[in-house]
Every structure is written in structure tokens, then in C-alpha cells.
Amino acid sequence: MSIIGTLIIGAIAGWLGGTLYKGSGLGLIGNIIVGILGSGVGYWLLSVLHISLGEGWIGAILTGAIGAIVILFLINLVSKKK
């Protein structure tokens with residue numbers, strides 16, 4: 001996949017993960033970073049669980065969103081404001 005495609009999927013996955021998991025907003029660049037990292041986490045996590053969400057853009061976005069939710073949960077867990 002091209003770098004542009006990776007950035008687009010990362011941005012969409014990060015936005016979707018941020019929308020589904022209400023936490024602190026990270027902005028566009030933060031969403032792209034969380035989405036790209038979330039894709040790696042999502043692919044790893046789903047492969048350990050033997051789950052496949054399909055091929056193509058939709059599967060990549062959903063997998064990235066799941067990983068982004070996991071990352072956002074961990075970020076909010078670590079930086080919990082009192």
C-alpha cells in the first residue's frame with residue numbers, strides 16, 4: 001500500500017477509534033498516528049484471536065479502529081487526570 005493510502009486509512013481509523021472511544025481529543029495528526037499504530041496493534045491482536053475482518057480498505061479501517069481504541073484506552077489509563 002502506498003504511503004498516501006496508509007495515511008488515509010490511519011486518519012480514518014484514528015478518527016473512528018476516537019469517535020467510538022470518548023477520551024481526550026488528539027487532533028488530526030494525533031488521529032493519524034494513533035490510527036497507523038492502531039493498525040499494527042489491531043492486526044496483531046486479531047491474529048492472536050484468529051479473527052479476520054476481511055481484506056481491502058474496509059477491513060483495514062475496522063482493524064485500525066479496533067487497535068486505535070486499544071491505544072486510546074491505554075493512553076487515557078496512563079494519563080488519567082485526577
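The legends below describe close-up views of a predicted model.

**View 1. Overall fold of the protein chain, with 3 helices and 0 strands.** Along the sequence the elements follow the pattern α-α-α. The C-alpha atoms occupy a box of roughly 40 × 30 × 15 Å along the principal axes. A compact globule of 82 residues would have a radius of gyration near 12 Å, and the value for the protein chain, 12 Å, agrees with this. Of the 82 residues, 33% count as buried. Among contacts with a separation of 6 or more, 70% are made by residues 24 or more positions apart.

**View 2. Helix α1, residues 3–20.** The helix has 18 residues and reaches 25 Å from its first C-alpha to its last, close to the 26 Å expected at 1.5 Å a residue. Its buried residues are Gly5, Ile9, Gly10, Ala11, Ala13, Gly14 and Gly17. These buried residues pack against α2 (27–48) and α3 (56–78).

**View 3. Glycine 17 in helix α1.** Glycine 17 has a relative accessibility of 0% and therefore counts as buried. Leaving aside residues up to four places away in sequence, glycine 17 touches Ala65, Ala68, Ile69 and Leu72. The C-alpha atoms of glycine 17 and threonine 63 are 10.0 Å apart in space, while the two residues are 46 residues apart in sequence.

**View 4. The crossing of α2 and α3.** The axes of the two helices come within 6 Å and cross at roughly 100 degrees. An angle from 65 to 115 degrees counts as roughly perpendicular, so α2 is roughly perpendicular to α3. By class, the contact of α2 with α3 has 12 nonpolar, 7 polar and no charged residues. On the α2 side the contact is made by Val34, Gly35, Leu37, Gly38, Ser39, Val41, Gly42, Tyr43, Leu45 and Leu46. On the α3 side are Ala60, Thr63, Gly64, Ile66, Gly67, Ala68, Val70, Ile71 and Leu72.

**View 5. Serine 39 in helix α2.** Serine 39 has a relative accessible area of 15%. Buried means under 20%, so serine 39 is buried. Not counting residues up to four places away in sequence, serine 39 touches Ala60, Thr63 and Gly64.

**View 6. Histidine 50 in the loop between α2 and α3.** Phi of histidine 50 is near 60 degrees, a positive value in a residue other than glycine. With a relative accessibility of 75%, histidine 50 counts as exposed.

View 7. Glycine 17, for example, touches Ala65, Ala68 and Leu72, among others, and serine 39 touches residues including Thr63 and Gly64.

Definitions and conventions. Residues numbered from 1 in each chain as written. Predicted model: local features only at pLDDT ≥ 70, side-chain atom pairs only at ≥ 80, totals over all residues. Heavy atoms only, no water. Helix = DSSP H or I, 4+ residues; strand = E, 2+ residues; numbered from the N terminus. Expected span 1.5 Å × (residues − 1). Buried < 20%, exposed > 50% of the residue type's maximum accessible area, 1.4 Å probe, protein only. Contact = heavy atoms within 4.5 Å. Axes fitted to C-alpha atoms, helices over the stretch in contact; angles between N-to-C directions. Parallel < 35°, antiparallel > 145°, perpendicular 65-115°, else oblique. Nonpolar A, V, L, I, M, F, W, Y, C, P; charged D, E, K, R; others polar. Rg over C-alpha atoms; globule rule 2.2 N^0.38 Å.
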